[in-house]
Amino acid sequence: MTLLFLSPLLWIAAAVPWAILLNTLGRRHRGAALAAGLIFTLWFTWFLITWLGMPDFYPAPLCPANVPPWWPGFIPA
């Protein structure tokens with residue numbers, strides 16, 4: 001529900017970097033601007049889903065600290 005409530009602000013937060021990239025880097029290197037924008041969008045989506053989408057009260061008895069034992073340590077959870 002939090003993601004739905006914040007969706008207009010999240011859309012603006014995702015659109016501003018695209019506008020900045022296309023206006024600065026996109027004038028000469030359009031492909032690089034699109035690649036950087038896509039990487040930022042994927043990172044931003046991952047961040048929002050892991051930060052806002054996972055409740056703190058997720059069943060911890062099965063997964064201590066809400067992280068399964070098989071989860072790799074180099075990927076933040």
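## Confidence

The protein has a mean pLDDT of 79, and 79% of its residues score at least 70; pLDDT is the predictor's confidence in each residue, from 0 to 100. Helices here are DSSP runs of H or I with at least four residues, numbered from the N terminus.

This is a predicted model, where local features need pLDDT of at least 70 and side-chain atom pairs count only at 80 or more, while totals for chains, interfaces and linings use all residues. Residues are numbered from 1 along each chain, and side-chain values use heavy atoms, without hydrogens or water.

## How H2 meets H3

Helix H2 (residues 7-24) and helix H3 (residues 30-52) have axes that come within 9 Å and cross at roughly 160°. That angle makes H2 roughly antiparallel to H3 (over 145 degrees, on a scale from 0 to 180 between N-to-C directions).

Which residues of H2 meet H3? They are Leu10, Ala13, Ala14, Pro17, Trp18, Leu21 and Leu22; their partners in H3 include Phe40, Phe44 and Leu48. Contact means heavy atoms within 4.5 Å.

Phe40 and Trp43 both sit in helix H3, three residues apart, about one turn of the helix.

Terms used: Helices (H or I, at least four residues) and strands (E, at least two) are DSSP runs, numbered from the N terminus. Angles under 35 degrees count as roughly parallel, over 145 as roughly antiparallel, 65 to 115 as roughly perpendicular and the rest as oblique.
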